[in-house]
Amino acid sequence: MNRVPLERKVLSENDRIAGELRDRFRVHGVLCLNLISSPGSGKTTLLERTLEGFDQNDRVAVLTGDIQTDNDAARLQRYGFPVKQITTGGTCHLDARMIERALADWPLENLDLLLIENVGNLVCPASYDLGEAAKIVLLSVTEGEDKPLKYPSIFFKSALLVVTKIDLLPYVPFDLAAAEANARHVHPKIDIVKVSCTAGAGMPDWRDWLDKRRAQTPAEHVTPRG
Amino acid sequence: MHELGIATSILETVRTEAEKHAGTRPARVGVRIGEIAAVNPEALRFAFEALTRETDLERLALEIEICPLRFQCKACQGVFEVKDFAPACPRCGAEQTECVGGDELEIAYLEVEDEPRSARTQSAE
């Protein structure tokens, strides 16, 4: 028996493409954010309200992933920003190659912010680097407050937790303080904002977080803007 | 569910590597999975067995090593295994620590063994 050391990452091809994407985002000063949650936590609705708050000078685009249908892209296209649907055809996560393909005909020099809505899944998307600057995890108050303990990887790897649907708090047995404590138990430095996309509560906090991150993302080659 | 794709990637690497070692066949592949890699070892084993059954890699064994979450202390530089996500350094108590391990998803090694003479003759025909 002969042992050959390999020391190779299983997802080395994904990581290579993600690294190239990250370099391209850095050169063009594009802030790329990867939104991850269970199905139905409100990723698309959060993106709708977010796009609604931008004006046409904001250079924003959205990639939205689903296993089937382009329903989400149809919802998001109404706001006048570039939106593209990635249909994975069964795969439970987006990978870096899907992002690379989707961006092939989008000039990055025209963008400042790229929002990626991952496939609804709290496990698999945690393993796939998409070249993003940060992962954002959403948790709705109709889920359990112990989700950060049950699915620690994604909470550990996310820079921000967005607690969604807080207008429903009076009607559901969701312990908000416990949810925050659980998230901070897994990841003490995680930022947390709490929003209601329907009532508007907390949306300025989310927008502040976004704007701070955008301000920290300058282009390496500043291109003159007409 | 993504364990099927991960098993496929592992087997691709095994096949590519095996081609470099004529007269042998892959016997065992060693994989490292970090505690927070979001990969389920049982699901990976299931996918691996499903993908190798009744193929040329049917006898390939999968060995999985689980790697604990590890932080390094920025004050004393000590590396420690993290228990229950407690971030402080157990040696000096410093709170400034960074993650240095636990997210592994790596192929550590491949073991190859000499192909039985009959199989070698068959494959040469």
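Let's start with B:Ile10, which touches A:Val10, B:Val29, B:Val31 and B:Ile107, leaving aside residues up to four places away in sequence. Touching, or being in contact, means that the C-beta atoms of two residues, placed from the backbone, lie within 7 Å. Before going on, a word on the source: this is a predicted model, where local features need pLDDT of at least 70 and side-chain atom pairs count only at pLDDT 80 or more, while totals for chains, interfaces and linings use all residues. Residues are numbered from 1 along each chain as its sequence is written, and chains are lettered from A and ligands numbered from 1 in the order in which they are written.

Back to our residue. B:Ile10 is among the residues that touch the most other members of the largest nonpolar core, together with A:Ile99, A:Leu115, A:Ile116 and A:Val162; that core has 79 residues. A nonpolar core is a set of buried Ala, Val, Leu, Ile, Met, Phe, Trp, Tyr and Cys residues joined through C-beta atoms within 7 Å. Buried means 20 or more other C-beta atoms within 10 Å of the residue's own, exposed means 12 or fewer, and partly exposed is in between, with C-beta atoms placed from the backbone.

Now, how do the two chains meet? In total, 23 residues of chain A are in contact with 24 residues of chain B. On the chain A side, strand S1 (2–9), helix H6 (152–157) and helix H7 (176–186) each give two or more residues. Helices (H or I, at least four residues) and strands (E, at least two) are DSSP runs, numbered from the N terminus. The largest share, eight residues, comes from S1(A). S1(A) also pairs with strand S6 (residues 105–114) of chain B, antiparallel, over six bridges; two strands pair if DSSP finds at least two bridges between them. One bridge there links A:Lys9 to B:Glu106.

S1(A) holds a curious residue too: A:Glu7 sits in this strand. A:Glu7 has a positive phi of about 45°, although it is not a glycine. Is A:Glu7 buried or exposed? A:Glu7 is exposed, with 9 other C-beta atoms within 10 Å. Compare B:Ala38, another non-glycine residue with a positive phi, near 60°. B:Ala38 lies in the loop between strand S1 (24–34) and helix H2 (41–52) of chain B, and counts as buried, with 24 C-beta neighbours inside 10 Å.

Next comes helix H2 (residues 43–52) of chain A, whose buried residues are A:Lys43, A:Thr44, A:Leu46, A:Leu47, A:Thr50 and A:Leu51. Seen down the helix axis, these fall within an arc of 160°, so they line one face of the helix; the arc is that of the directions from the axis to the C-beta atoms. The elements they pack against include strand S2 (31–36) and helix H3 (71–77) of chain A.
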